[in-house]
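Trainee: Could you take me through this structure step by step, beginning with the sheet and then turning to the helices?

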Amino acid sequence: MTETPTISDQRLATIGPGRLVLVVGPSGAGKDTLLGLARAACAEDGDVVFPRRVVTREASPFEDNEQVSLSAFGQAIGRGDFAVHWEAHGHCYALPRAIDDDIRAGRTVVANVSRTVVDAIRRAYLDVVVVSITAPPEILAERVATRARSSDGLVVDRLNRAIGGVAAAADVTIINVGSVDHHARELARIVRGG
């Protein structure tokens, strides 16, 4: 696996007409919390899809990911199961190929991705909206330390590699401090195209 994001080369053209909403941001920003609440707010809308990421790190109760071994991940790449895959922080991540069908059908797909894949995804999909979720550094540090997920590595290393660069590629930025419900409604509004 490499740090370079990979978009399937089985595409004939840029994929649309649906939208792909990419959620990016540093560890501890609360991306998965806001995504979970936005998913619940959009549950009745059949035109909004929140696919499960495939990951090679330990599962977390706060994320809706499919955990697989590195070997199974490599086999899935070989079968062409992923629309996009990447490596970040020593782990492999992917979005399932099914998102392409959803987007071709005009649906909105919402996914938590690494900022390293944003440029490649913007080239592969017709309508991409990037939402950066962040918080001040001291809040990020507190949240990451509280989470204490062993796969996160050292808190200081995680924060140093997480800060910077994300906002530059974002279409919308949510500073996730204060009311989580307010920020989740803001994300749901963006997902719905409002």
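Trainee: In what order do the 5 strands of the open sheet lie, and which strands are at the edges?
Mentor: In this predicted model, the strands of the open sheet pair in parallel, and their order is 3-8-2-9-10. An edge strand pairs on one side only, and this holds for strand 3 (48-49) and strand 10 (172-175).

Trainee: How many bridges join strand 2 to strand 9?
Mentor: Strand 2 covers residues 15-24 and strand 9 covers residues 125-134, and the two run parallel. Within this pair, Leu20 stands opposite Val128 of strand 9. The number of bridges joining the two strands is 7.

Trainee: Which strands does helix 1 touch where it packs on the sheet?
Mentor: Helix 1 spans residues 31-41, and its direction makes about 155° with that of strand 8 (108-112). Helix 8 (residues 180-191) also lies across strands of the sheet, running at about 165° to strand 10. The strands touched by helix 1 are strand 2, strand 8, strand 9 and strand 10.

Trainee: How far apart are the axes of helix 1 and helix 8 where they pack, and what is the make-up of their contact?
Mentor: The two helices pack at an angle of about 60° with their axes 8 Å apart, and their crossing is right-handed. Residues of helix 1 including Leu34, Leu37 and Ala38 meet residues of helix 8, among them Ala184, Leu187 and Ala188. Asp181 and His183 of helix 8 also take part in this contact. The contact residues divide into 9 nonpolar, 2 polar and 1 charged.

Conventions. Residues numbered from 1 in each chain as written. Predicted model: local features only at pLDDT ≥ 70, side-chain atom pairs only at ≥ 80, totals over all residues. Heavy atoms only, no water. Pairing = 2+ DSSP bridges. Helix = DSSP H or I, 4+ residues; strand = E, 2+ residues; numbered from the N terminus. Contact = heavy atoms within 4.5 Å. Axes fitted to C-alpha atoms, helices over the stretch in contact; angles between N-to-C directions. Left-handed = near helix turned anticlockwise from the far one by under 90°. Nonpolar A, V, L, I, M, F, W, Y, C, P; charged D, E, K, R; others polar.
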